[in-house]
Structures are given as C-alpha cells and as structure tokens.
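Welcome! Have a look at the sequence and structure, then read on.

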Amino acid sequence: MIVTVTLNPSFDRTIDLDVPLERGQVQRAARAVQEPGGKGVNVSRALHTAGADTLALLPGAATDPMIVALRADGIPTETVPVSAAIRSNTTITEPGGTTTKLNEPGAILTAATATALLDLIVSRSADATWLVLAGSLPPGLDTDFYARIVREVRTAAMRRGTTAPRIAVDSSGEPLAALIASDESVDLIKPNADELFELATSLGIGVPAIDPESLGPDDAVVIDIADQVLAHGLGGILITLGSRGAVLASTTDVVRAEAPRIIARSTVGAGDCSLAGFLLASERGADAAGCMAQAVAHGAAAASLPGSRVPTLEQANADAIAVRRFPRALAQ
Ligand SMILES: O=P(O)(O)OC[C@@]1(O)O[C@H](CO)[C@@H](O)[C@@H]1O
C-alpha cells in the first residue's frame, strides 16, 4: 500500500476565464470547479483512480467540505481532527493556457495536532511499501518536521523488526532543504528544474545563472546538478521538465522520458500525477525505464485535463512514451 501524507491540504478552486486576466478589473468567470487537493492527496487520488491500494493521511475535520468531497470520491482517507477549515488555493486559467496559482498559507497546526499526526503516520507506515511526504508545511510546524517523520518511521520499523517503507518526498524550499541537509536519507525526491536548482543552491552547490526552463532538450546541466544533490544520501531524483518530459537520476541509472504532444488544459497537479505514475509502476515491479514511462504518461495525461483532475490508467498510456536508459554505477 502507498501511504501519502499531506500536512497542508487544500480544497483547490479552479476558475476558468474566456478572456485574458486584467488585474484591477471585475471579470466574469466562464466556470469554476472545486476539487480536493494538496500534493499527497493528489497522489492518492491518481493512485486510487488507477486501481492501486493507497491511504491518504491529513489534518482536517470530518465535516470539512474538502474531507467530505474526498470521501465522496471514495479515496481511502484518515484524518487528525482540527478545528480550522482546510485552506482553499485558487488557480486562474486564461485562454492560451496561462495559469496563475494563489496558495494560502493554511491554518496553524498546534503541537498536539502535530504529535497526533506523527503517531498516525508511524502507525499506518507499518503497512506501507512507499510513504509519500508531499507539499508545504503549514504554519506551526518546524521546518525539520519531514526529517522527524522519517526518523520516527524508521525507528518504529526497527523496533518492530520489519522493513521500513521506501520514502518519496515532493516538497520544495525550506522543508525539503532541511530534510536533505539532515542525517535522514530518502529514496526519491521529485523536484521540477526550478526546485532542483533552489535545493542545490541551499546545499552550497553552484548552479548556472540561467532560468532552468530555458535549458532546452540538453539535460546535461540538470543531470550534473542532480548528481551532486544525490551525494547527500538520496536514492534517486525524478526531475519533471514540463513539456520536455522528465529525467530520473539515480545511483544506478539515468533515464530520460519524452513527453507526448498534448494540448495542455491545466498543469495543476500534473507533477503529483507523475509521481503517482512512477510509484504505481514501481509497485507493479517495473524497472526504472518502466517507472519513468508511467510517470510521464500520467503527468502528460493530467496536464491535458481541466483543473486538477487525475487521469485513468487508459488515459495515461505508458506504451506511447519514448524512454532512453543509460545504466551507470555512481559512487556514493
Ligand atoms: O502549497 P503547497 O503545499 O506547496 O502546494 C499545494 C498545491 O498547489 O499543490 C497541488 C498541486 O501540486 C495542489 O493541489 C495544491 O493547491
């Protein structure tokens, strides 16, 4: 089972405009939808839709409209009750595909809620093959909270005499930097190129003064930086590159997967679906190339859907993805 943790969930609101956004003006939206979100929640939504066994862990009141919607969608969910409402992040989409995202900070989590979440995560990790820690940390949690989860999950597994789950992390900024700089190692992180450059800088790794989005199809720079980040005790780095696909850098392989041509409707949650595709294939015994094909198939299919809708397995066809694998043995 793949257990996901979303400490700062959101009831994502997507507002579609038929005309370009004009700042400072009153405009009429063409349509608006609201979907349960937050990165770990999206991973669980995509896994569940693809028929995989998953459990989403998050803070939220049972009566919160987001939790009600998540359960109505049939996503296996366990919550630690909180009194504050789950935040609502807003996405504005304009004709031509421009997307503007406004993320709220989220409600403050108390120390008691943090402890209850930690207990729940440790307990449910006993049945997990993968544990996914995803998204920002809400106010009230220390930036090293992810490192604390990893430590406690591994200590509990050692006490039980069982294998700890593999750990995948999809976060950015200080929480990710604090985790990578800590003594805890993780199996996989999933940054985009911007987030990888930001992480490398925080670790004192020199990065070129260029916009990672302008790198073009030559991913040598990205792989060189990923290799230096890998040396901080990581098993692999899955770097999502938008319309250029994705690259996996691990100690044993470099795998490049090309994105298919699509008409992008909304990229919100596409990275989360890429991670879900990777884990889904990993659960089903695929090798690194197979995991990357499913990652890119899922990410591209999600980007072609409106809002943060997740694709079905039929929509995320991994057979259509071109993948090249370059085996290697990287010294750690
Ligand atoms: O504010 P965070 O936690 O970094 O990201 C939250 C979020 O932007 O991530 C998902 C898309 O990846 C959305 O469902 C959600 O609104």
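The shell around the ligand holds no nonpolar residues; its members divide into nine polar and five charged. This is a predicted model, so please read every distance and area below as computed from that prediction.

**Who surrounds the ligand**
- There are 14 residues around the ligand, and D12, N89, K101, S136 and D272 come nearest.
- Two elements, β2 (10–16) and α1 (39–49), each supply at least two residues of this shell.
- The ligand takes up the space of the largest pocket.

- R87 has a polar side-chain atom 3.0 Å from an oxygen atom of the ligand.
- N103 likewise has a polar side-chain atom that lies 3.0 Å from a ligand oxygen atom.
- On its own the ligand has 400 Å² of accessible area, and the protein covers 89% of that.

**A look at N8**
- Where does N8 sit? You will find N8 in the loop between β1 (2–5) and β2.
- Is N8 buried or exposed? N8 has a relative accessible area of 5%, and because buried means under 20%, N8 counts as buried.
- A polar atom of the N8 side chain lies 3.0 Å from the backbone oxygen of P105.

Terms used
Residues are numbered from 1 along each chain as its sequence is written. This is a predicted model: local features need pLDDT of at least 70, side-chain atom pairs count only at pLDDT 80 or more; totals for chains, interfaces and linings use all residues. Side-chain values use heavy atoms; hydrogens and water are left out. A residue is near a molecule or strand if one of its heavy atoms lies within 4 Å of it. A polar contact is a pair of N or O atoms within 3.5 Å; within protein, one must be able to donate a hydrogen and the other to accept it, and residues adjacent in sequence count only if both atoms are side-chain atoms. Accessible areas come from the Shrake-Rupley method with a 1.4 Å probe; for residues, only the protein chains shown count as cover. On a 1 Å grid over the protein atoms alone, a cavity is a set of points where a 1.4 Å probe fits but cannot get out, and a pocket is an open set with protein on both sides within 12 Å along at least five of seven lines; lining residues have an atom within 4 Å of a point. A molecule sits in a cavity or pocket if more than half of its atoms lie within 2 Å of its grid points. Helices (H or I, at least four residues) and strands (E, at least two) are DSSP runs, numbered from the N terminus. Ala, Val, Leu, Ile, Met, Phe, Trp, Tyr, Cys and Pro count as nonpolar, Asp, Glu, Lys and Arg as charged, and the others, Gly among them, as polar. Buried means under 20% relative accessible area, exposed over 50%, partly exposed in between (1.4 Å probe, protein chains only).
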